[in-house]
Amino acid sequence: MLEDHTTTEASSSTAWPAAYPQGYAVVDVETTGLARDDRIISAAVYRLDARGEVEDHWYTLVNPERDPGPVWIHGLTSDVLAGAPLFRDVAEEFAARLDGRVLVAHNAVFDWQMIAREYARAEREAPVRQRLCTIALAKELALPLPNHKLESLAAHFGVVQQRAHHALDDARVLAEAFRPSLLAAAAGRLRLPLLECLPLTEWTDRPTARIGRQAGSGGYRGGGWRPSRKRPACPHPNPGRYVDGKPLKQGMRIAFSGDTSTERELLEDRATEAGLHVATSLSRLTSLLVTNDPDSGTSKVVKARQYGTPVVDEAGFGQLLRDVEPATPADG
């Protein structure tokens, strides 16, 4: 664990960027699973001041009103959760700890989406306008991590994990690793990788419900903000694999894996409009895999490793989409 006085002295001597947020809420939630209809079963928040110093912390169990899911991971059984409050019963206190702060989490898009869905079910809105992913921050800082797991980030900063996959301890570990990360970013005058959080304003537990559209911009009708449709076939032949440092080329086959900060369908639309082929699976013909978690064990990531398929994250893909090279007849 980092010595508190060392962090405090270093932070006080750092010329702090004026544009940095005034406070943070470091959050971890444990859930019944990873799908859109899964539920939160425990939540923890460490409130930090503008320079990353801990102000207080809070933890609660939540009755998910369903099977608790992978008990062997989080250790929370149905018996333990039976007497816990429902999310709507803790929503106000949870909101008070998030209000006016940047939500900080490890793979923040997941925690934000789970929280937004729970508030929508409770017919409320989470008071969060920005989030910061510590994976993205670690990349900005170019930390020499073997992977992007929380345990690796903790080990890098000498933070000791006591109960992995327990929301309170995971939030504590992340808060302690975030302080020196924030200090390093401030010292280097780095722009923090902040992303906007768009609240979910209507909810249905059907799996087509989406996050990221506000009332007045299409809304949610019938569980989705637009009708599903089959994408038109890509008119261009596949020119082969993406080569690092070169532009994408029309006809390249692009696959996506895992959560994205931008709504997945919007990303796919942008790729299609650029003349790329959006693939639902990964094969030897895939030109590029887009994922924010290249160390995950999803089938697409595993196949990408086997086939040697190039991988970029969402931010890198966004840059590549700005300049897609036109297809040429010779590609066929």
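The secondary structure of the protein chain comprises eleven helices and ten strands, where helices (H or I, at least four residues) and strands (E, at least two) are DSSP runs numbered from the N terminus. The model is predicted, so local features need pLDDT of at least 70 and side-chain atom pairs count only at pLDDT 80 or more, while totals for chains, interfaces and linings use all residues. Residues are numbered from 1 along each chain as its sequence is written, and side-chain values use heavy atoms, with hydrogens and water left out.

Of the 332 residues in the protein chain, 50% are buried; buried means under 20% relative accessible area, exposed over 50%, and partly exposed in between (1.4 Å probe, protein chains only). The accessible surface of the chain is about 16100 Å², and carbon and sulfur atoms account for 50% of it; these areas come from the Shrake-Rupley method with a 1.4 Å probe, and for residues only the protein chains shown count as cover. Among contacts (heavy atoms within 4.5 Å) between residues at least 6 apart in sequence, 65% join residues at least 24 apart.

Helix α8 has 21 residues and spans 30 Å from its first C-alpha to its last, close to the 30 Å expected at 1.5 Å a residue; the expected span is 1.5 Å times one less than the number of residues. Because 18 of its 21 residues are buried, α8 is largely enclosed by the rest of the structure. Just after α8, Arg189 takes a positive phi of about 55°.

The structure holds seven aromatic pairs. Rings of Phe, Tyr and Trp (its six-membered ring) pair if their centres lie within 6.5 Å; planes under 30 degrees apart count as stacked, over 60 as edge-to-face and the rest as tilted. The ring centres of Tyr24 and Phe178 are 5.1 Å apart and their planes stand at 65°, so this pair is edge-to-face. Since Tyr24 belongs to strand β1 (residues 23–31) and Phe178 to helix α8 (residues 167–187), the pair ties together parts that are 154 residues apart in sequence. Tyr24 is buried at 0% relative accessibility, and Phe178 is buried at 1%. Phe87 and Phe94 are also edge-to-face, because their ring centres lie 6.1 Å apart with planes at 65°. Both are buried, and Phe87 and Phe94 form one aromatic cluster with Trp58 and Tyr119.

Two loops also contain residues with positive phi. Glu65, with phi near 60°, lies between β3 (54–61) and α2 (71–74). Asn107, with phi of about 65°, lies between β4 (102–105) and α5 (108–121), and counts as partly exposed at 30% relative accessibility.
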